[in-house]
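Here is a short report on one protein model. Follow it with the structure in view.

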Amino acid sequence: MTIAKAIKKINPNAEFKYLEEDINTIEWLNGTTPISKSDIETKMAEMPTKEEEEIAKANKKASGKQKLKDLGLDDAEINALIGA
């Protein structure tokens, strides 16, 4: 899925298929201009890992909770709002 995410970051309208996360099997469909393997690999290296995405999500949730506390809400009110 990382290959697909990288391609879509470069060209959101790209149509393609590939096998088993193998960049060498990419087939460009419906007239999509091919993107070089090196460009795809560069974009993949720039993208956060799944772990980094999960950490960022947890940090945003904690930050949001703290901001609600700073506004004067208690834990019960916060949990009622965000379902946590």
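Asn 30 lies in the loop between β2 (27-28) and α2 (37-46). Helices (H or I, at least four residues) and strands (E, at least two) are DSSP runs, numbered from the N terminus. This is a predicted model: local features need pLDDT of at least 70, side-chain atom pairs count only at pLDDT 80 or more, and totals for chains, interfaces and linings use all residues. Residues are numbered from 1 along each chain as its sequence is written, and side-chain values use heavy atoms, with hydrogens and water left out.

Most residues other than glycine have a negative phi. Asn 30 has a positive one. Buried means under 20% relative accessible area, exposed over 50%, and partly exposed in between (1.4 Å probe, protein chains only).

| Residue | Phi | Relative accessibility |
|---|---|---|
| Asn 30 | about 50° | 65%, exposed |

Now for the inside. In helix α1 (residues 2-10), Ile 3, Ala 6 and Ile 7 are buried. Seen down the axis, the buried residues of α1 fall within an arc of 100° (taken from the directions from the helix axis to the C-beta atoms), so they line one face of the helix. They pack against β1, β2 and α2.

The largest nonpolar core has 10 residues, including Phe 16, Ile 26 and Met 47. Such a core is a set of buried Ala, Val, Leu, Ile, Met, Phe, Trp, Tyr and Cys residues joined through side-chain atoms within 4.5 Å. Its largest share, three residues, comes from α1.

Key: Contact means heavy atoms within 4.5 Å.
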